[in-house]
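Here is a short report on how one protein chain packs together. Look at the sequence and the structure before reading on.

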Amino acid sequence: LIDTFPHKTPKEYSLLLTFVRLLKVDTVVVMDIDKLYSDLQRDLANQGVKVVKLPKSGGVVSVSQDRQYRKQADRVLVSEYLYGKSRELCPRHVIVPFDKLHLF
């Protein structure tokens, strides 16, 4: 399962197509984005990839269009991941010489 970001630019769309090719995806599910669905159908039809359109459930509220909101939400998630929800974690950098590093 590959969950991706909304594709706003041609570069992002190209990146999605690259993911599909490199990971040998056989089915792509698109939720509630008609343009993305039709673009993927057009671009993946000759590669044997099935593109399925999934309607959005009635209670779903879309916030992905607000770029500022998404950036703030990303910052919060990264901060919670690194520091914990209550800031109980304390990540720090530790520099180790390469010759002292042992990988198993």
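Leu-40 touches Tyr-13, Leu-16, Leu-17, Val-28, Val-30, Ala-45 and Val-51, leaving aside residues up to four places away in sequence. The model is a predicted one.

Leu-40 lies in helix 2, residues 34-44, and is buried there along with Leu-36, Asp-39 and Leu-44. These residues sit on the same side of helix 2, because they cover an arc of only 105° around the axis. An α-helix has 3.6 residues a turn, so residues three or four places apart point the same way. The face turned away from the buried side carries exposed residues, Lys-35 and Arg-42.

What do the buried residues of helix 2 pack against? Their partners are listed here.

| Packing partner of helix 2 | Residues |
|---|---|
| Helix 1 | 10-22 |
| Strand 1 | 27-31 |
| Strand 2 | 50-54 |

Leu-36, Leu-40 and Leu-44 also belong to the largest nonpolar core, which has 11 residues in all. In soluble globular proteins, nonpolar side chains tend to be buried together.

There is also a nonpolar patch on the surface. Val-94, Val-96, Phe-98, Leu-101 and Leu-103 form this patch, with about 600 Å² of accessible area together. Phe-98 is found in the segment after helix 3 (67-83). Is Phe-98 buried or exposed? Phe-98 counts as exposed because its relative accessibility is 73%, and the cut-off for exposed is over 50%.

Terms used:
Residues are numbered from 1 along each chain as its sequence is written. This is a predicted model: local features need pLDDT of at least 70, side-chain atom pairs count only at pLDDT 80 or more; totals for chains, interfaces and linings use all residues. Side-chain values use heavy atoms; hydrogens and water are left out. Patches are made of residues with over 30% relative accessible area and no salt bridge: like charges are joined within 9 Å, nonpolar side chains (Val, Leu, Ile, Met, Phe, Trp, Tyr) within 5 Å. Accessible areas come from the Shrake-Rupley method with a 1.4 Å probe; for residues, only the protein chains shown count as cover. A salt bridge is a side-chain nitrogen of Lys or Arg within 4 Å of a carboxyl oxygen of Asp or Glu. Helices (H or I, at least four residues) and strands (E, at least two) are DSSP runs, numbered from the N terminus. Buried means under 20% relative accessible area, exposed over 50%, partly exposed in between (1.4 Å probe, protein chains only). The arc is that of the directions from the helix axis to the C-beta atoms. Contact means heavy atoms within 4.5 Å. A nonpolar core is a set of buried Ala, Val, Leu, Ile, Met, Phe, Trp, Tyr and Cys residues joined through side-chain atoms within 4.5 Å.
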